[in-house]
Amino acid sequence: MTRAHGPVAVLGLGTMGSGLATRLLDQGVQVRVWNRTAERTEPLAKAGAYAAAHPADAVEGTSAAICTVADGEALGHVLRGPGGVLSGGQYPGALFCASTVAPDEVVRLAGDTPSVLDVGMLGNREHARSGELRLFVGGEERTFSAGRPLLELLGKEVVHLGELGSGMRMKLLLNLLMGIEVQALAEAVELAAATGLDRQRVLRTIAGSGFASPVMAFKSKRMAAGRYDKPDFRLRLMAKDLRLAEEQAEAVGLLLPLAAAAALTHLRATEQGHGDEDCAAVTHALTPNPGTDT
């Protein structure tokens with residue numbers, strides 16, 4: 001156990017934010033939490049965290065603040081909206097932007113904040129709770145060096161990639177690969193089922209083959225059970241990240257046909273009502289809606 005770190009704020013208590021806050025509490029760190037829907041703070045408050053009324057309240061007296069909200073709009077609200085972290089002036093601690101947003105959005109929202117890092121997190125809720133994340137970080141060297149001890153409480157691998165925005169660039173690349181891999185698995189399984197092969201046997205075969213990535217092997221269990229609730233990664237967030245990756249490619253004149261196709265399929269699944277299910281629910285977008293011809 002360590003108490004070497006001052007109080008830390010965790011802003012946004014979704015899958016990853018809750019895991020990070022739990023990890024910090026388990027390591028003896030004082031934690032202040034905020035979430036847009038206050039009921040999510042209750043389990044952490046019972047575990048010893050201070051539940052704040054708004055982001056500015058959460059960061060009061062802290063040495064670091066970790067933002068883990070869903071998208072750029074939410075990050076803007078947390079940082080610069082009413083009661084936001086920066087609404088009353090500069091934040092004197094280290095600001096960790098761990099929300100997956102456009103790299104340029106991090107730079108814009110951070111403005112002239114003196115100590116900012118963007119942190120791309122690779123892993124799931126259990127990795128967050130156990131300190132087993134892989135963390136890819138952008139920002140100034142001095143800020144990274146100062147923030148590294150806290151990051152090493154949260155991740156088994158901590159990599160500094162360069163300037164602010166670099167962490168988000170790496171995170172978008174990784175999510176692009178994940179989105180394409182899960183869609184490829186879903187396409188293979190739906191084709192198998194449609195042509196008479198047993199779905200469960202096909203999933204076992206793929207998961208045990210040399211063709212399967214660890215992501216495919218993991219997601220094949222969800223597809224086999226047909227259970228997409230209690231998501232590890234929400235489908236609508238994957239759709240958002242695939243679109244952000246497309247925008248990055250467009251900005252530098254690249255064509256990414258697989259990413260573009262995956263983005264459209266994830267968007268379709270979101271529009272079908274699966275956005276808050278696990279991203280493996282993209283499989284629903286591969287078959288026609290009842291009563292349609294498409």
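A crossing of two helices is left-handed if the near helix is turned anticlockwise from the far one by less than a right angle, and right-handed if clockwise. The model is predicted, so that local features need pLDDT of at least 70 and side-chain atom pairs count only at pLDDT 80 or more, whereas totals for chains, interfaces and linings use all residues. Residues are numbered from 1 along each chain as its sequence is written, and side-chain values use heavy atoms, with hydrogens and water left out.

**Exercise 1.** Describe how helix α8 packs on helix α10.

*Solution.* Helices are DSSP runs of H or I with at least four residues, numbered from the N terminus.
Step 1. The axes of α8 (residues 166-194) and α10 (residues 214-225) lie 10 Å apart, at an angle of about 50°. Axes are lines fitted to C-alpha atoms over the stretch in contact, and angles run from 0 to 180 degrees between N-to-C directions.
Step 2. That angle makes α8 oblique to α10; angles under 35 degrees count as roughly parallel, over 145 as roughly antiparallel, 65 to 115 as roughly perpendicular and the rest as oblique.
Step 3. The crossing of α8 and α10 is right-handed.
Step 4. On α8 the contact (heavy atoms within 4.5 Å) involves Met178, Glu181, Val182, Ala184, Leu185 and Ala186, and on α10 it involves Val215, Met216, Lys219, Ser220 and Met223.
Step 5. Sorted by class, the contact of α8 with α10 comprises 8 nonpolar, 1 polar and 2 charged residues. Ala, Val, Leu, Ile, Met, Phe, Trp, Tyr, Cys and Pro count as nonpolar, Asp, Glu, Lys and Arg as charged, and the others, Gly among them, as polar.

**Exercise 2.** Characterise the salt bridge of Arg108 with Glu105.

*Solution.* A salt bridge is a side-chain nitrogen of Lys or Arg within 4 Å of a carboxyl oxygen of Asp or Glu.
Step 1. The closest N and O atoms of Arg108 and Glu105 are 3.0 Å apart.
Step 2. Arg108 and Glu105 are separated by about one helical turn, because they are 3 residues apart in helix α5 (residues 103-110).
Step 3. Arg108 is exposed at 54% relative accessible area, while Glu105 is partly exposed at 22%. Buried means under 20%, exposed over 50% and partly exposed in between (1.4 Å probe, protein chains only).

**Exercise 3.** Is Glu190, a salt-bridge partner of Arg199, buried or exposed?

*Solution.* Step 1. The closest N and O atoms of Glu190 and Arg199 are 2.9 Å apart.
Step 2. Glu190 is buried at 15% relative accessible area, and Arg199 is partly exposed at 29%.

Key
Helices (H or I, at least four residues) and strands (E, at least two) are DSSP runs, numbered from the N terminus.
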